[in-house]
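The terms are defined where they come up.

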Amino acid sequence: MKFYTYVKIFSFSVLFLIRLAYAGDYTQFDRVWPNIAQPWYFDAVGGVVYEKSTNTFIVMDKTSGLISRVTFDGYVLNRWGGKSESTIDGKFRLQANGLSYKGMFINMDIDNDGNIYVTDPFNCRLQYFSSSGTFIKSLSFTNPIIDDFDSFIDSCTVETISTNSSHFIPLSVAISKYGVLAVLFTNRIELYINNEKFSEIPLSEEFSDIKFLNNSNDFYLASIKSIRKYSYVDYSYKSWSTPYYKENNADAITNIDVDESDNLIFSIPFSGTFHIYNRLGQSLSEKKYFLSNSEISEEMNLSKSIANLRQIAAFVKNNQLFIFDQVNDFIKKINLDDSSSTEWGGARLEIYSAIGYPKRMFKDEKSNDFIFITNKSISRFDQRFTLLKSVNLFNQNNQCVILASFYGFGDKAWLVIKDEKTNNSYIAVVYLNDMSYEVVASLESGLQGRNDIYIASDQFDNVYLTTSEPFQSGGKGYNRLYKFIKAENKFISIEIDISNSDGNQVISAYDNIVAISVATNKTHIYLRDSFNHQVFGYIWDDNGLNSDSQLNSHVYIAEKIFLSSGKLMLVDKNFDLFSYEDDSLKKIVNLGSSGVGYMNYSDLTNLQIYDGKIYITEAINKRLQILQLKTIPDRSKAVLVVGGDESGNALWDESQANANHAFWVLANQGYTKENIQYLNRNTQLDLDGNGKPDDVDGLPTRANLKAALTEWAKDGEDVVLYMIGHGGAGTFQLGGGEVLQASELNQWLTELQAVMPGKVTVIYDACESGSFQPLLTNSTYPRTVITSTRAGENAYFQDAISFSHLFWNQVFRVNL
């Protein structure tokens, strides 16, 4: 059971006993901004399903391919999945030949055993996972006339995907209480039992989602035009029109849900309304619970495309409705009794609504202030990230958006801005001393109206621009490089055309540009090709534009290129950072890996190095991460232990949420994954978002805990031990029938401290955890013991809220 009891208040000065870890010969996480206590980052929610038995949501991120189990308060219990460029079990193909999931749905459902069914559109299959995220099997829908499916998908265009999707690309999936599996395609529904297809229902229009009723095999279908309720007996249906349907609104409904009374629940994005319909198609409720798209765009200056607000389960707990908005990246929890609400994540952060999403960042070397360039403004922050001044760009009283930006030299930042009303684009310069700006030129006609523009500047106020051009007939493509000379107020345009020995086009599209002038009449131009990821160099001088033979004699592959301290920087697919110096690449450091945790990245937008620190901005995670370049060996370590078994454990979810939160907090304080020993019976955790369940080191057994403390941790300078679960008088339940005695733990800690020079901090959250105090504190070694109760008292757990939750939140907020 979960008990409410008195929790002893203690001084948070003990938080300073948990030391910041130091990484050696590579990077150490310093801090992140904005600083979100629970790292809920997602770029595009691809699907959401509610699991009643655990009161959690299963959420799919279409950008990272990660699936997360999330509590009602936004705490992530587990992550799994990830992305792959080919068909790999447990992973998701996120793009094919430049196409992405952005325009496609990913839907999920859960069967009676807690198994999760997920559509995998570009692999043309369903994937089945256990409730813990372990891959079970897949069900493929490959068209039999296609021999090489991978090659076909990789060669697909928008047109061929659209033409062929009705054959084998699943749009949605649902499974009934009685085991009937329904898979929705653009022209049909296929019905399965035990993976065997037994029926098919043709469709005359395209639908977006399917859901079974709670206690029958009848089901709902939803499209942008209508809603249908099908009878499982004879496949007859009743149909009614979608409210607010408009011919030009292609995103009216993407997700539907069914409440406990079999009422249909859905939202209409452009109207900002939430609807409940009964089984007869009668409207029971229509309420406005969130901003419509036009209001969101006006208030927050976000894109004017229709906001794809994705409603999910309602009346799921204490009459609360949850809304996941995949465009504006926030979650909204609404109490249906009094319409009170809570929001977290993404655009609902105050700083995002004030300045927009951070796209690029650089430091003003004179003041050490941070300069952020977002989609709509340039803003100056002090070193504590207090907003000092923000400049929104206007032209004739019309809001402008920033298409591209660059800072490399001096006290100026260069922008490409577009007037949203006239669709005209301009070059603007921002003077950093007083944050004033000036529109200096209108773009040439060949650049007007385009969004795929990239900009750089050199030391002499010359501006360079490039943009990708469409492929010409026969596969021939080309790119143009533009130079704007501010002193003469003129553009020069040069065509770039590189072909291989067969005469075929090599370059497809440039998406990064860096310029470094070595003289007033000689500039090195570096461009990154988005198609083959190769970096190309050119020299622009009095003889025109010529290939940089020294650089181009090598094949340098990069995911991004940047300018920092006057040098070209490259980041490869492994997140290794290189500098190009003396006509060769020099590896500086590894930055981390892909994902959403600390020292994990999704779509780098800028990278700068100042005074031994690396500053990295990300488009998808919408944040700045600061890393320190360190040479001091790592000495601090932590051991995390989640006790108990999953079955019959009333504290299972609470223990998981708090221990995972502790893992993230320690990572935020600089502990690397290698310096955290995590013992948990849930071994399929992917807390750092790297797509691998590699964050748990072993099961919580007496042998493993003893080894972690007496062997693994003995070379640490300081050690933190955190335990959470069920406790008793002088005991802690490890699970699997094993019980840890306080006397045993004291013996292991004494053995550890006999060889370790530093201190030990123990945090123990369980009933009667205070009973460990007398034994553990009676030591000649420096040791701090923090417990959630006195001896004989019960602990307090309510969802993710507990003593641990409050403790680790305070640790998170302290700059150690």
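Buried means under 20% relative accessible area, exposed means over 50%, and partly exposed lies in between (1.4 Å probe, protein chains only). Helices (H or I, at least four residues) and strands (E, at least two) are DSSP runs, numbered from the N terminus. The model is predicted: local features need pLDDT of at least 70 and side-chain atom pairs count only at pLDDT 80 or more, while totals for chains, interfaces and linings use all residues. Residues are numbered from 1 along each chain as its sequence is written, and side-chain values use heavy atoms, with hydrogens and water left out.

**Overall make-up**

- The protein chain contains 10 helices and 65 strands.
- Of the 816 residues in the protein chain, 60% are buried.
- The protein chain exposes about 31,700 Å², of which carbon and sulfur atoms supply 46%; accessible areas come from the Shrake-Rupley method with a 1.4 Å probe, and for residues only the protein chains shown count as cover.
- A contact means heavy atoms within 4.5 Å. Among contacts in the protein chain with a separation of 6 or more, 51% are between residues 24 or more positions apart.

**Helix 7 and its cover**

- Helix 7 spans residues 702–710, and L705, A708, L709 and T710 in it are buried.
- The cover over the buried residues of helix 7 includes strand 56 (636–642), strand 57 (676–679), strand 58 (718–724), strand 61 and helix 8 (742–753).

- A nonpolar core is a set of buried Ala, Val, Leu, Ile, Met, Phe, Trp, Tyr and Cys residues joined through side-chain atoms within 4.5 Å.
- The largest nonpolar core has 55 residues, and those with the most contacts inside it are L577, L591, L607, I614, Y678 and W808.
- Helix 6 (residues 652–668) gives the largest share of this core, seven residues.
- Another core, of 43 residues, lies apart from it and has L465, A515, L563 and Y580 among its members.
- Leaving aside neighbours within four places in sequence, Y678 is in contact with residues including L640, V642, Q656, A659, N660 and F663.
- N660 is found in helix 6 and is buried, with a relative accessible area of 0%.
- Not counting residues up to four places away in sequence, N660 touches V76, L77, N78, Y678, L685 and L687.

- Two strands pair if DSSP finds at least two bridges between them.
- Strand 36 (residues 412–419) and strand 37 run antiparallel and are joined by seven bridges; W414 has V429 in strand 37 as its bridge partner.
- These two strands form a hairpin with five residues between them, and N423 in the turn has a positive phi of about 70°.
- Strand 37 also pairs with strand 38 (residues 436–442) in the antiparallel sense, over six bridges; the partner of V430 in strand 38 is Y437.
- Strand 37 and strand 38 form a hairpin with four residues between them, and M435 in the turn has a positive phi of about 60°.
- Six of the seven residues of strand 37 (residues 425–431) are buried, so strand 37 is largely enclosed by the rest of the structure.

- Three strands form an open antiparallel sheet in the order 59-60-61.
- Strand 59 (727–728) and strand 61 (738–741) are the edge strands, each pairing on one side only.
- Strand 60 (residues 731–735) is joined to strand 61 by four bridges, and the bridge partner of G735 in strand 61 is E738.
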